[in-house]
Amino acid sequence: MESRDKDTPVAEVGVTVAGCSEADARAVLALLETLFPRNPGTDRPAEAGHGATVWVTTLDAAVPTRDRPAPVTLADTVGLTLQGGPRAVERVRVALAGHFAVEEAGSVSGDQEQEIGLRLRSA
């Protein structure tokens, strides 16, 4: 079982979306925020300005929701990077695979952190 302390938030996953339209990026991030809801009182990530090319958020992947969000259709392929503890990253990857065709585009593993690149397409 994963443990948490204030210095090592093992369930925290950084998400970076790039190489896609703003509409597709927002659709993916909205889906992730539905799948991994924020605890009450936590801040929402800053919204990217018009013309942004990279969108970033941080998820708490400790407890995914049991709700089944509406299907999301992407106009094109979306590039995504997940970074965090291996179990938390895997939870997010599996959740995305339940909604999209997911292709791994490389990974780097450290002692206590993993980074994976993914390409998402509508299933």
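Figure 1. Glu-33 sits in helix H1; helices here are DSSP runs of H or I with at least four residues, strands are E runs of at least two, and both are numbered from the N terminus. The model is predicted; local features need pLDDT of at least 70, side-chain atom pairs count only at pLDDT 80 or more, and totals for chains, interfaces and linings use all residues. Residue numbers start from 1 along each chain as its sequence is written, and side-chain values use heavy atoms, with hydrogens and water left out. Glu-33 has a relative accessibility of 15% and counts as buried (buried is under 20% relative accessible area, exposed over 50%, partly exposed in between, with a 1.4 Å probe and protein chains only). Its side chain makes a polar contact with the side chain of Thr-57, at 3.5 Å. A polar contact is a pair of N or O atoms within 3.5 Å; within protein, one must be able to donate a hydrogen and the other to accept it, and residues adjacent in sequence count only if both atoms are side-chain atoms.

**Figure 2. The Arg-26 and Glu-22 salt bridge.** The closest N and O atoms of this pair are 2.9 Å apart. A salt bridge is a side-chain nitrogen of Lys or Arg within 4 Å of a carboxyl oxygen of Asp or Glu. By this rule there are four salt bridges. Both residues belong to helix H1 (residues 22-35). They lie four residues apart, about one turn of the helix. Arg-26 is partly exposed at 29%. Glu-22 is partly exposed at 26%.

**Figure 3. The Arg-93 and Glu-90 salt bridge.** Here the closest N and O atoms are 2.7 Å apart. The two residues are three apart in helix H2 (residues 86-97), so about one helical turn separates them. Arg-93 is partly exposed, with a relative accessible area of 23%. Glu-90 is also partly exposed, at 34%.

**Figure 4. Glu-103 and Arg-121 across two strands.** The side chains meet in a salt bridge, at 3.9 Å from N to O. Glu-103 lies in strand E4 (residues 100-109) and Arg-121 in strand E5 (residues 114-122), so the pair ties together parts that are 18 residues apart in sequence. Glu-103 is partly exposed at 35% relative accessibility. Arg-121 is partly exposed at 38%. Salt bridges that share partners join Glu-103, Arg-119 and Arg-121 into one network.

Figure 5. Val-15 is buried, at 0% relative accessibility. Beyond its neighbours within four places in sequence, its contacts (heavy atoms within 4.5 Å) include Leu-29, Leu-32, Trp-55 and Thr-57. Leu-80 and Leu-82 are also among them. The C-alpha atoms of Val-15 and Gly-117 are separated by 10.0 Å. Along the chain these two residues are 102 apart.

**Figure 6. Confidence along the chain.** The mean pLDDT of the protein is 82; pLDDT is the predictor's confidence in each residue, from 0 to 100. A value of 70 or more is reached by 80% of its residues. Confidence is lowest in strand E2 (residues 54-60), at a mean of 89, and highest in strand E3 (residues 78-84), at 95. Over residues 1-8 the pLDDT is below 50. Beyond near neighbours in sequence, this stretch has 11 contacts in the model. Where pLDDT is low, the predicted coordinates should not be read in detail.
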